[in-house]
Amino acid sequence: MPEARSEELFVRDIELERPALLGRLAAVCKAAPARLVINVIVAVIILTLLASLAFFVLGNHRAEHRQLGEDLQLHLSLVHERLRQAIMGAGNGTWRVPTAEDLQAAATRPVLPEGRAFVLVGPDLRPLGMAGHLPADVPAAAIRRVALAVAADLQNQQRQKLPASTGTRLQAATALDAALTDIRRMPLPSGHEAMAQGVTLLPWGGHVVGVHVTPVASPLAGLGHPVAVVLFLGALALGTVGLVMNAFAREMQAGEMRLSRVSSRLNAALMHGRCGLWDWDLARGRIFWSRSMYEMLGLEKIGEYLSYGEIAERQHPAERPLADLAEDLLRSGAEGFDHEFRLRNAEGQWVWLRARGAVVTDPVSGEPHLVGIAIDITDQRKAAHAQKEAEMRLREAIEAISESFVLWDAESRLVMCNSKYMQFHSLPPSACRPGTPYEEVMKAAKKPRVKKRQSLHCDENGEEMIIEVQLDDGRWLQINERRIRDRGFVSVGTDITELKRQQERLERSEAELKATVEALENYREILEQQRVRLLDMVDRYTKEKEKAQEASRAKSEFLASMSHELRTPLNPIIGLAQAMQQEIFGPLPEKYREYAADIERSALHMKALIEDILDMSRIEAKQMKLEFVSADLAETLAECVKIMQPEAAKKKLALVHDFPAPLMAIVDPMKMKQVVLNLLSNAIKFTEKGEVRLEAGHHKDRLFIRVSDTGIGIPPEKIGKLGQPFVQVADQYSRAKGGSGLGLAISRSLVEMHGGRLTIESEVGKGTTVTVELPCAERHGDSNSPLLPPPGEARQT
């Protein structure tokens with residue numbers, strides 16, 4: 001019997017006829033005339049043994065070929081239908097070209113028998129893919145050649161049937177039906193025989209060819225089999241039985257062929273529809289499942305029947321056992337049932353099944369059977385669960401919004417609303433159940449008193465409307481109503497009170513802004529007038545500045561000229577005063593020698609003043625030129641200390657110096673000497689006790705020279721004036737010391753011409769520190785010399 005025993009319900013008449021035929025045959029064989037006839041028949045069979053045996057073998061050989069052909073045809077039809085469904089779109093008339101993967105999926109469900117293959121051939125007679133289970137000695141290329149030959153014959157047949165007016169290949173393909181070709185038998189080089197049949201796959205126009213390979217054997221090859229010998233020896237006594245059994249065999253073969261066709265079609269329908277048949281023998285506790293039932297759960301079939309315990313183990317523990325359901329059906333006498341339950345599949349996941357069937361009585365045994373169909377509804381359950389969750393999330397989202405929301409269907413019945421809508425209309429929960437008519441909802445609502453209403457938008461068809469209303473309590477609401485696809489409508493009410501207040505504030509701000517703009521326009525006119533006056537003042541300032549610069553240049557030229565004229569007569573005065581002190585022209589009284597010394601000091605002071613004026617004039621006129629050389633500043637500083645030592649000794653001041661040797665730098669040595677002498681001179685001049693310190697060295701990438709004293713100091717508000725030409729910190733003490741006030745200005749200018757800077761730090765009563773910083777082009781000697789040496793390590797002269 002085939003595996004699909006569930007189909008017995010459809011061919012039960014065949015099963016019931018067999019016992020009656022056997023009884024009639026036994027009755028005939030018991031009669032004497034019948035025995036005589038049988039003896040005669042046996043004698044004839046003995047004489048015609050070879051012919052009868054050959055007839056039997058040949059008939060069986062043809063039947064096997066016919067069976068294979070019908071099975072191949074049924075399988076090809078199933079593969080063709082699956083491919084057609086795979087390439088067609090979802091009911092929109094579109095299709096695609098099938099692939100080898102599509103053929104593999106269509107041909108291997110159910111598993112391909114050995115020796116069978118399917119080939120996908122394109123409209124251009126080019127093989128696109130093959131799926132099969134071939135013997136190892138049969139090459140795939142031979143199967144493809146057979147498939148191409150069948151496809152070529154199929155195209156030739158279609159050309160003969162095709163009307164002459166047919167246009168493109170696609171139109172030609174759609175003009176023909178998808179009829180199967182006749183089965184062709186072809187020998188293969190491997191010694192096998194191929195049975196092939198093809199069909200056109202519409203609307204693509206290609207072909208699907210099924211090929212079944214069998215070994216080539218002679219129809220009489222079975223004569224040497226021991227069974228044939230036994231048949232030969234027993235033919236004398238069992239000839240009549242052989243004839244009768246042959247007749248029975250043909251009848252059973254035809255019945256089973258019919259049963260196979262019905263089973264194949266039914267199995268294809270069940271597998272495609274994700275459903276299966278089952279038959280529960282309640283008396284024996286065994287259950288039969290169709291093949292599709294096993295496939296739905298991903299199980300392998302072991303044995304013909306399942307026990308109830310095997311199914312109960314897979315049922316969900318929270319559900320009612322199926323045995324209780326069957327007991328209730330038998331007790332109540334109900335004929336039909338519809339039940340949903342879950343079973344665990346091979347991967348451990350739960351599959352929802354819907355079982356529908358009835359209780360029937362077996363006609364042979366008289367025992368009750370529960371027979372029905374089971375449908376896989378897992379996807380429907382998941383979709384329903386997802387829809388329920390989506391609806392719940394939608395309700396939560398609508399409830400969470402700050403606006404009032406209500407949805408009505410096409411018949412003005414309530415679908416859903418949120419609590420904001422219920423609060424706004426003072427509705428009880430009982431009046432807001434889904435399906436409540438609009439009139440009943442409005443009857444239960446407490447309508448708020450509207451103070452003002454204005455329409456913002458309303459289309460001609462009344463599909464959309466936007467209005468704003470002001471309530472008695474001062475609140476503003478914007479109500480948006482719109483029709484939806486099912487002719488219902490949705491209404492959303494938004495509290496826009498704050499927006500209205502903001503709008504009022506904006507209007508007030510706009511009025512204030514306009515007033516401000518007008519004031520700014522007036523102020524702009526005033527500013528324009530002031531700008532004109534300012535431009536006039538800038539023009540006058542520019543002219544006055546040019547006059548001042550011209551006067552400054554004239555001053556510098558005048559000072560240069562006058563300084564030269566004044567310096568010329570000073571030289572003989574200084575020489576004459578020195579000659580008088582040395583008494584070259586004869587002895588002089590002591591008083592006259594003192595006069596001569598005063599004359600010399602005054603002349604030298606005046607000469608120094610003139611030199612400072614000349615230097616300042618050159619600097620301002622940018623005529624001062626520096627001669628930069630690589631020099632050892634340590635030697636220059638030592639000379640300055642030696643020159644100023646007598647001045648410090650006169651005032652009993654300690655002149656301390658600390659600098660490394662050598663101290664190389666690219667400078668103008670004479671100008672740097674002038675700078676240091678000016679700084680030392682000022683320090684000694686304004687210091688009455690204590691010390692004057694000269695330090696030098698490197699710090700990072702700079703060279704520094706620092707002169708510090710313990711003199712009178714300078715007030716902070718007057719430090720900024722120092723370094724300007726002819727400027728001194730004026731007090732009674734400084735005026736008594738004299739000086740032109742040019743020394744510090746010249747020093748600052750010379751330092752800046754070297755690319756450096758001069759800074760002054762001072763504190764009244766504690767002293768002053770003047771620091772000169774210069775770029776350090778070269779570093780020699782002790783590069784780790786500190787910026788300020790520790791106390792006690794300076795050399796005292």
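**Basis.** I worked from a predicted model, in which local features need pLDDT of at least 70 and side-chain atom pairs count only at pLDDT 80 or more, while totals for chains, interfaces and linings use all residues. Residues are numbered from 1 along each chain as its sequence is written, and side-chain values use heavy atoms, with hydrogens and water left out.

**Asp281.** I located Asp281 in strand S6 (residues 275-281); strands (E, at least two residues) and helices (H or I, at least four) are DSSP runs numbered from the N terminus. I noted Asp281 as buried, at a relative accessible area of 4%. The classes I used are buried under 20%, exposed over 50% and partly exposed in between, with a 1.4 Å probe and protein chains only. The Asp281 side chain reaches the backbone nitrogen of Ala283 at 3.3 Å. Leaving aside residues up to four places away in sequence, I listed Arg286, Glu367, Pro368 and His369 as touching Asp281, contact being heavy atoms within 4.5 Å.

**Salt bridges.** I applied the rule of a Lys or Arg side-chain nitrogen within 4 Å of a carboxyl oxygen of Asp or Glu, and the count came to 33. I then examined individual pairs.

- Arg356 pairs with Asp338, with the closest N and O atoms 3.4 Å apart. This pair links distant parts of the chain, from strand S10 (residues 350-361) for Arg356 to strand S9 (residues 336-344) for Asp338, 18 residues apart. Arg356 is partly exposed at 44%, and Asp338 is partly exposed at 39%.
- Lys543 pairs with Asp539 at 3.5 Å between the closest N and O atoms. Both lie in helix H14, four residues apart, about one turn of the helix. I recorded Lys543 as partly exposed at 47% and Asp539 as partly exposed at 38%.
- Arg693 and Glu691 meet through their side chains at 3.1 Å, N to O. Glu691 is partly exposed, with 25% relative accessibility.

**Nonpolar patch.** I found Tyr523, Ile526 and Leu527 forming a nonpolar surface patch, with about 270 Å² of accessible area together. Patch residues have over 30% relative accessible area and no salt bridge; nonpolar side chains (Val, Leu, Ile, Met, Phe, Trp, Tyr) are joined within 5 Å, and like charges within 9 Å. The areas come from the Shrake-Rupley method with a 1.4 Å probe, and for residues only the protein chains shown count as cover. I placed Ile526 in helix H14 (residues 497-581) and noted its relative accessibility of 41%, partly exposed.

Notes:
Polar contact = N/O pair within 3.5 Å; in protein donor to acceptor, adjacent residues only side chain to side chain.
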